[in-house]
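Please look over the structure below before reading on. The report then takes its parts one by one.

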Amino acid sequence: AFGIGWSIAAGGRGGGWREDWVRLAADVEMAETAGRAVFALCDRTINEWNAKSAASQLNSASANVDVPLPGPLAEVLEASASAHAISGGRFDPTVGALTRAWRDALSEEPPRVLDSAEVAAARCDWTTQLCVGEASARKGNAGLRLDIGGGAKGWCIEQSVRRLREAGMNDVLVEARTPAHRLRAPARALS
């Protein structure tokens, strides 16, 4: 999902090294299967870069149209609402249009800064531009786009850990990595 790397490291079931070594092959296979299943579900539902996902359907929907929310997307939006409230509105996953405009402006030669009209056109505001219900969501403006990649990765990690715990694994590390990108070397050293 998202074109990111992920890994699961299993530390055993706490039965001692001999028992853990015997179970290691089965645990590795089970952990890989669980991880693939979770990330595939994420790709189908939460990945806004997958044009067929539920998140993409919401991003491309017209204003004031109810879009069905599958469970994983509803869970990420619920967590986003909590983060928005806890941060006093500083965390706002409706910044997708703004981040896309910013990314496009940075890719121009030479890179440019967005002007105030471009920023205003993005109309980011979780509380007034997105209405999330039990089973559907509705945008207040057609240009609104979600940027929920971080929340989606967190959901994948939590779901992978839950599945592994249910399978009896007590000691696991689940990681989702985002590739680092270098935009360009600075023209001069910073002091």
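What follows is a short tour of a predicted model.

## Overall layout

The model is predicted, not determined by experiment. Its protein chain holds seven helices and five strands. Along the sequence, these elements follow the pattern β-α-α-β-α-α-α-α-β-β-α-β. The chain has 191 residues, and 34% of them are buried.

## Helix 7

Helix 7 covers residues 149-166. It counts 18 residues. From its first C-alpha to its last, helix 7 reaches 26 Å. That is close to the 26 Å expected at 1.5 Å a residue.

Which residues of helix 7 are buried? They are Gly-149, Ala-152, Lys-153, Trp-155, Cys-156, Gln-159, Ser-160, Val-161 and Leu-164. Lys-153, with its charged side chain, is one of these buried residues. Just after helix 7 comes Gly-168, with a positive phi of about 95 degrees.

## Salt bridges

How many salt bridges does the model have? The count comes to four.

An α-helix has 3.6 residues a turn, so residues three or four places apart point the same way. Arg-162 is partly exposed because its relative accessibility is 35%, between the 20% and 50% limits. Glu-166, at 58%, counts as exposed because this value is over 50%.

Helix 1 spans residues 17-45 and holds both Glu-32 and Arg-36. These two are four residues apart, again about one turn of the helix. Glu-32 has a relative accessibility of 40% and counts as partly exposed. Arg-36 reaches 52%, so it counts as exposed, the cut-off being over 50%.

Arg-112 is partly exposed, with a relative accessible area of 32%. Glu-108 also counts as partly exposed, at 32% relative accessibility.

## A negative patch

Which residues form the negative surface patch? Glu-75, Glu-78, Glu-134 and Glu-158 do. Glu-158 belongs to helix 7. Is Glu-158 buried or exposed? Glu-158 is exposed, with a relative accessible area of 56%. A patch member needs over 30% relative accessible area, so Glu-158 passes that cut-off.

## Helix 3 and Ala-83

Helix 3 takes in residues 71-86, and Ala-83 sits within it. Ala-83 is partly exposed, with a relative accessible area of 27%. This value lies between 20% and 50%, which means that Ala-83 counts as neither buried nor exposed.

Pro-93 is 10 residues from Ala-83 along the chain. How far apart are the C-alpha atoms of Ala-83 and Pro-93? They are separated by 9.5 Å.

## Back to helix 7

Helix 7 brings several of these features together. Trp-155 and Leu-164 are among its buried residues. Glu-158, in contrast, is exposed and takes part in the negative patch.

Definitions and conventions
Residues numbered from 1 in each chain as written. Predicted model: local features only at pLDDT ≥ 70, side-chain atom pairs only at ≥ 80, totals over all residues. Heavy atoms only, no water. Expected span 1.5 Å × (residues − 1). Buried < 20%, exposed > 50% of the residue type's maximum accessible area, 1.4 Å probe, protein only. Patch = residues over 30% accessible without salt bridge, like charges linked within 9 Å, V, L, I, M, F, W, Y side chains within 5 Å. Areas by Shrake-Rupley, 256 points an atom, 1.4 Å probe, with all protein chains shown as cover. Salt bridge = Lys/Arg side-chain N within 4 Å of Asp/Glu carboxyl O. Charge placed at Lys NZ, Arg CZ, Asp CG, Glu CD.
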